[in-house]
Amino acid sequence: MKKTLKKKLKKGVFYLVLLFVILFVFRIFYGYTEYPNAIADSNTFFEEIASSRVNYASKQYKMKSNANNAQNVINVDQKYEKIATVNTKSSEFEKEKSSLSKEIKRHEAIIQFEQNSGNNGNRRMQLLIGVQPEKFDSLYVSLSKIGKVQSKEITKKDKTNEYKQLNAKKQSLLKIRNSLIELKSKGGKIEEYINLENRILSIEEELQGLGVQLGNYDEENEFCTIKFSLIEGVENKIGLMHRIKVALDWTVSTYMQLMIILFFIVGLVYLALLILDKLNLFNTIIKNLNN
């Protein structure tokens, strides 16, 4: 009886120790997956200015089509938006800033938005760079070599349908405007004439807005976008002993919470079973099952 009790006790202690080790190892590995807060701050900044400036580019290619059992070649003019994001960090801020300026000039890119903040030792530069589509990849590679890259990504979105919709809306408004101008020449009441003028002015304003949007798609305005962030500071390398200390503190705290929760659950179950036993409900249930 004592040996059986000892075996159960040892098995229980083993499982408790195993749970503690699993939690500790999990926290150690989780510590290596955490990202710097500066990257999240940079992404927030770029999201805020994204609506202030957009760049579009176009690409022409041929696509084969098997219509009516005959192979036809269709010329496709795709409009797209291509955005790269590069977040870097360096202790040599002025040197990297100079390299950045040289690369932008070398690739004939333009700075469309710039923000500088922070004091010496904790400075930050954030740029929105417009670059010609054919030089996009080269500039992206060059900027990725500045400082120590914390994160980077490239996103490409097709904008062909939006471009076509804007053109269709423009043509529709032009037809309406021309029809209203013809109505003006036929004469009529002064009130009707004023209403026509107001309607024509409203359409003119819409056409101007569409003209600005369509102007972003013009060949002379074709650019791809690179969002670049340079943060000053030495990368904080967390030592193994510090990681072990943090993991141990978290594991002890979490383990104690789990033990307390488990204690209350077992206590509630035991109390419920005790009440059922006092009320002789177990015997009643067993008798009903036997019957």
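Start by selecting Glu 108, which sits in the loop between H3 and S3. This is a predicted model, so treat each stop as a feature of a prediction. Check the backbone here: Glu 108 has a positive phi of about 55°, although it is not a glycine. Most residues other than glycine have a negative phi. With a relative accessible area of 48%, Glu 108 counts as partly exposed.

**The whole chain**

Now zoom out and colour by secondary structure. Read along the sequence, they follow the pattern α-α-β-β-α-β-β-α-β-α-α-β-α-α. The chain has 291 residues, and 27% of them count as buried. Among contacts between residues at least 6 apart in sequence, 76% join residues at least 24 apart.

**Strand S3**

Next, select Asn 116, in strand S3 (residues 110-117). Is Asn 116 buried, partly exposed or exposed? Its relative accessibility is 44%, so Asn 116 counts as partly exposed. Show its surroundings, and you will see that Asn 116 touches Arg 124 and Met 125, not counting residues up to four places away in sequence. Then draw a distance from the C-alpha of Asn 116 to that of Gln 126: these two residues are ten apart along the chain, and their C-alpha atoms are separated by 6.5 Å.

**The largest nonpolar core**

Which residues have the most contacts inside the largest nonpolar core? Select Leu 100, Ile 129, Val 131, Leu 139, Leu 143, Ile 226 and Phe 228; the core has 21 residues in total. The elements that give two or more residues to this core are S2 (70-90), H3 (93-106), S4 (124-131), H4 (136-143) and S6 (224-232).

Stay with Leu 100 for a moment. Leaving aside neighbours within four places in sequence, Leu 100 is in contact with Met 125, Leu 127, Leu 143, Ile 146 and Phe 228.

You will find Ile 146 in the loop between H4 and strand S5 (148-158). At 3% relative accessibility, Ile 146 counts as buried. Beyond four places in sequence, Ile 146 touches Thr 88, Glu 96, Ser 99, Leu 100 and Phe 228. Thr 88 is 58 residues away from Ile 146 in sequence, yet their C-alpha atoms are 7.1 Å apart.

**Helices H3 and H4**

Show H3 and H4 together. Their axes come within 10 Å and cross at roughly 170°, which makes H3 roughly antiparallel to H4. To display the contact, select Leu 100, Glu 103 and Arg 106 of H3 along with Leu 139, Ser 142 and Leu 143 of H4. By class, the residues of this contact divide into three nonpolar, one polar and two charged.

**Helices H5 and H6**

For the last stop, select H5 (residues 160-185) and H6 (residues 190-215). The axes of these helices come within 10 Å and cross at roughly 155°. H5 and H6 are therefore roughly antiparallel to each other, and H5 passes H6 in a left-handed crossing. Colour the residues of the contact of H5 with H6 by class, and you will have 15 nonpolar, two polar and eight charged.

Conventions:
Residues numbered from 1 in each chain as written. Predicted model: local features only at pLDDT ≥ 70, side-chain atom pairs only at ≥ 80, totals over all residues. Heavy atoms only, no water. Core = buried A, V, L, I, M, F, W, Y, C linked by side-chain atoms within 4.5 Å. Buried < 20%, exposed > 50% of the residue type's maximum accessible area, 1.4 Å probe, protein only. Helix = DSSP H or I, 4+ residues; strand = E, 2+ residues; numbered from the N terminus. Contact = heavy atoms within 4.5 Å. Axes fitted to C-alpha atoms, helices over the stretch in contact; angles between N-to-C directions. Parallel < 35°, antiparallel > 145°, perpendicular 65-115°, else oblique. Left-handed = near helix turned anticlockwise from the far one by under 90°. Nonpolar A, V, L, I, M, F, W, Y, C, P; charged D, E, K, R; others polar.
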